[in-house]
Amino acid sequence: MSTVNSQRPSITVSSLDLDRLYSVIENAPRTALPYVEALETELARASVVDPEQMPADIATMNSVVRYRDLATQQEHRVTLVYPQHLAATENGISVLAPVGSALLGLRVGQSIHWQVPGGNLIELELLGLDYQPEAAGEYHR
């Protein structure tokens, strides 16, 4: 699964999230390979900051985000989670899901084009964050 790099906004990821995400990547089942590769591509281009230095308007792991699918104009509110926490999280979306990988590291107001299974492109806009662990002082959540 390839991604569209020409229209990618800059993204920022915390060093703690990065370490945990590489662990997820290492332990992901082979059936998740296309999703893992897409996430790896995103992480390779991310700016990395300490959790304490994370701007409050960036989607991090465990953030509650509001986004719009620009093709349908539908708005969604989800919690960005690690795959192992998906079942226990109401309205959770895994970081290995295409939408989860696309949202990670975006700043409020940014949009991103993302290829999903079947070759279709989606475009998502991050509308806001209802909760971000780092902004709440939870640096090791």
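The structure is a predicted model, in which local features need pLDDT of at least 70 and side-chain atom pairs count only at pLDDT 80 or more, while totals for chains, interfaces and linings use all residues. Residues are numbered from 1 along each chain as its sequence is written, and side-chain values use heavy atoms, with hydrogens and water left out.

E42 is joined to R45 by a salt bridge whose closest N and O atoms are 2.8 Å apart; such a bridge requires a side-chain nitrogen of Lys or Arg within 4 Å of a carboxyl oxygen of Asp or Glu. Both residues belong to helix 2, where they are 3 residues apart, about one turn of the helix. Helices (H or I, at least four residues) and strands (E, at least two) are DSSP runs, numbered from the N terminus. R45 is partly exposed, its relative accessible area being 28%.

In total, the structure holds 6 salt bridges. Another of these links R107 with D57, with the closest N and O atoms 2.8 Å apart. R107 is located in the loop between helix 3 (98-103) and strand 6, and D57 in the loop between strand 2 and strand 3 (64-69), so the pair ties together parts that are 50 residues apart in sequence. A further salt bridge connects R66 and D130, with 2.7 Å between the closest N and O atoms. Since R66 lies in strand 3 and D130 in strand 7, this pair ties together parts that are 64 residues apart in sequence. Salt bridges with shared partners join R66, R77 and D130 into one network.

Q132 is found in the segment after strand 7 (121-131) and, at 3% relative accessibility, is buried. The side chain of Q132 reaches the backbone oxygen of I58 at 2.8 Å. Contacts of Q132 (heavy atoms within 4.5 Å) include D57, I58 and S63, not counting residues up to four places away in sequence.

Strand 6 (residues 111-115) and strand 7 pair in the antiparallel sense over 5 bridges, pairing being assigned if DSSP finds at least two bridges between two strands. The bridge partner of Q115 in strand 7 is L121. The hairpin of these strands has 5 residues between them, and G118 in this hairpin takes a positive phi near 95°.

Note on methods: Buried < 20%, exposed > 50% of the residue type's maximum accessible area, 1.4 Å probe, protein only. Polar contact = N/O pair within 3.5 Å; in protein donor to acceptor, adjacent residues only side chain to side chain.
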